[in-house]
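Welcome! Take a moment to look over the sequence and turn the model around, and then we can walk through some of its local features together.

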Amino acid sequence: MTIRAVVAGVGHYLPARVVENADLESLVETSDEWIRSRSGIERRHFAAEGEMTSHLASHAARAALADAGLVPDDIDAIIVATSTPDLTFPSVATMVQAELQMTRGFAFDIQAVCAGFVYALTTANGMILSGQAKRILVIGAETFSRLMDWTDRTTCVLFGDGAGALVLEAQTGTGAPSDRGILAGDLHSDGRFRDLLYVDGGTSTGTTGHLRMAGKEVFRHAVEKLAETAHASLEKAGLTSADVDWIVPHQANIRIIEGTAKKMQLPMENVVVTVQDHGNTSAASIPLALSVGRARGQIKQGDLIVTEAIGGGLAWGSVVLRW
């Protein structure tokens, strides 16, 4: 028998404030048509004053636990993927641990920007396969609205806030591609391209900074690298694009999503798309899309899913799992 890290529950949380494209016209020179045509985004959610990344993450964690029929004491570890922590330290994950009144196990953050959730999934999978933990809460949570330069219309209209969470649980499988759970993962980074997407501040600089992006260059790297990593994960799992029921991509830009699906020779009918409602929520976008896709009735038990993401670093990767 083979141990697999199986999704036992899923949940998400979005701040109450909804910001439509038209709402941004008073802040920066833009329009609903301009934003939709370039990104596919129609609206996004912004965290309220005093609402922090840990708050969003905790709400999503509770939803995932409820979906799994579990309580915090059933969990061995919490991994939070985020680039927008409440504080320099401690980690958001330990704040979630405290909020859940969970006094056992361990908790830590992973920072790989938009690829963070893929990195967190593969890390959690390795811990479950090694026996380090039996159940892990894997969360992606971001408040990217606080990194925006509201004079830069090319970036400030693209991002939103939110959180999504999965409970991964050790279960036995046969070792075949038909098993439920994570079947393969593929991770990459290349620091030579760090200037394509970054924040021009941080603890060592003494400023928070703002997000900066070379959009055309990021787009060029994204489509090629996302298709390559998706195929690599499928090959590791002994599968092909023809076996895929759903691509659940990082929700950055509808044109990147369409370009990647085309390179994978899959129709958009097989892609879970939420970018129109949430914008780019960085590490939160994949778990958000998984939760929304399941709630819509798209994702069902037994479906084969490919998730893929690319973000600052550049860092990118993919995971193949059977729901």
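This is a predicted model: local features need pLDDT of at least 70, side-chain atom pairs count only at pLDDT 80 or more; totals for chains, interfaces and linings use all residues.

A residue counts as buried when its relative accessible area is under 20%, and as exposed when that area is over 50%. T155 belongs to the loop between β6 (135-143) and β7 (161-173). Setting aside residues up to four places away in sequence, T155 touches M148, L211 and M213.

Another loop residue to look up is A252, found between β11 (246-249) and α6. Its relative accessibility is 17%, so A252 counts as buried. Apart from neighbours within four places in sequence, A252 is in contact with I41, V275 and N280. A252 and G160 are 92 residues apart in sequence, while their C-alpha atoms are 10 Å apart in space.

**A pair of helices**

Two packed helices are described by the angle between their axes and the distance between the axes. How do the axes of α5 and α6 cross, and within what distance do they come? The axes of α5 (residues 215-236) and α6 (residues 254-263) come within 9 Å and cross at roughly 40°. The two helices are therefore oblique to each other. The crossing in which α5 passes α6 is right-handed. On the α5 side, the contact is made by F219, A222, V223, E224, L226, A227 and H231, and on the α6 side by R255, I256, G259, T260 and K263. Sorted by class, this contact has six nonpolar, three polar and three charged residues.

**Helix α4**

Next, find α4, which covers residues 116-130 and has 15 residues. From its first C-alpha to its last, α4 reaches 21 Å, close to the 21 Å expected at 1.5 Å a residue. Is α4 mostly covered or mostly open? It is mostly covered, with 11 of its 15 residues buried. The buried residues of α4 are G116, F117, V118, Y119, A120, L121, T122, A124, N125, M127 and I128. After α4 comes G131, with a positive phi near 90°.

**Backbone details**

Most residues other than glycine have a negative phi, and most peptide bonds are trans. Against that background, a few places in this model deserve a look, and the table gathers four of them.

| Site | Backbone feature | Value |
|---|---|---|
| F89 to P90 | cis peptide bond | omega about 5° |
| G313 to L314 | cis peptide bond | omega near -15° |
| V113 | positive phi, not a glycine | phi about 55° |
| Q265 | positive phi, not a glycine | phi about 60° |

Where do these sites lie? P90 is in the loop between β4 (77-81) and α3 (92-99), and L314 is in the loop between β12 (304-311) and β13 (315-322). V113 sits in the loop between β5 (106-110) and α4, while Q265 sits in the loop between α6 and α7 (275-278).

Q265 has a relative accessibility of 73%, so Q265 counts as exposed.

Conventions
Residues are numbered from 1 along each chain as its sequence is written. Side-chain values use heavy atoms; hydrogens and water are left out. Axes are lines fitted to C-alpha atoms, for helices over the stretch in contact, and angles run from 0 to 180 degrees between N-to-C directions. Helices (H or I, at least four residues) and strands (E, at least two) are DSSP runs, numbered from the N terminus. Angles under 35 degrees count as roughly parallel, over 145 as roughly antiparallel, 65 to 115 as roughly perpendicular and the rest as oblique. A crossing is left-handed if the near helix is turned anticlockwise from the far one by less than a right angle, and right-handed if clockwise. Contact means heavy atoms within 4.5 Å. Ala, Val, Leu, Ile, Met, Phe, Trp, Tyr, Cys and Pro count as nonpolar, Asp, Glu, Lys and Arg as charged, and the others, Gly among them, as polar. The expected span of a helix is 1.5 Å times one less than its number of residues. Buried means under 20% relative accessible area, exposed over 50%, partly exposed in between (1.4 Å probe, protein chains only).
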